[in-house]
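Thanks for coming. I will go through the aromatic rings and then the nonpolar core.

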Amino acid sequence: MPGTADNEHVKQRAISLVDAYVRKDADALAHEADAIGGDIDPVASELKVFASFLTRRVQETGVVWKPADSREAVAAAVADLLPPEVEFAVVTAWEAYSVGEEEIAEHYTNGDPMVRVHMLAAFCAAIGTAVYKPAELIVTLRIATGLAD
């Protein structure tokens, strides 16, 4: 199938970003973010799929997850892992995004697509660990994306 290797690369990059947030590993996060290169849009798209999948899992398990929980969790996920100006942009953009204010959220990204990538990866790590243990979350994402052996 054409593009399969590229698609697997994008999925792996997205999972690696979530994993770095889950482990609170600033060095791994910086490395993964730098390695995205021209794959920003495909990685963001993959992270949106993860976010939808994990949101559905939270709903299925009955874990109560409100927008306020989401905002606090994303803020905690990015704390001390990003440069202060990026951390502020991610948290502020997520606050708007979590209540459906996508236009305002886009304004807070200052045109930097990596802010959206960090926002989505941090959300996936936060909501994913609400229903899965950290290692279990990463394995689940690998299985869900077809990357598991």
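Helices here are DSSP runs of H or I with at least four residues, and strands are runs of E with at least two, numbered from the N terminus. This is a predicted model, in which local features need pLDDT of at least 70, side-chain atom pairs count only at pLDDT 80 or more, and totals for chains, interfaces and linings use all residues. Residues are numbered from 1 along each chain as its sequence is written, and side-chain values use heavy atoms, with hydrogens and water left out.

Start with helix H5, residues 84-97: Trp-94 and Tyr-97 both lie in it, 3 residues apart, about one turn of the helix.

Rings of Phe, Tyr and Trp (its six-membered ring) pair if their centres lie within 6.5 Å; planes under 30 degrees apart are stacked, over 60 edge-to-face, the rest tilted. By that rule there are 2 aromatic pairs in the structure. One is Trp-94 with Tyr-97, tilted, at 5.2 Å centre to centre and 40° between the planes. Ring pairs also bring in Phe-123, making a cluster of Trp-94, Tyr-97 and Phe-123.

Buried or partly exposed? Buried means under 20% relative accessible area, exposed over 50%, partly exposed in between (1.4 Å probe, protein chains only). Trp-94 is buried at 4%, while Tyr-97 is partly exposed at 21%.

Now the core, meaning buried Ala, Val, Leu, Ile, Met, Phe, Trp, Tyr and Cys residues joined through side-chain atoms within 4.5 Å. The largest has 49 residues, and Val-18, Tyr-21, Leu-47 and Val-117 touch the most other members. Helix H7 (113-131) is among the elements giving two or more residues; its share is the largest, 11 residues.
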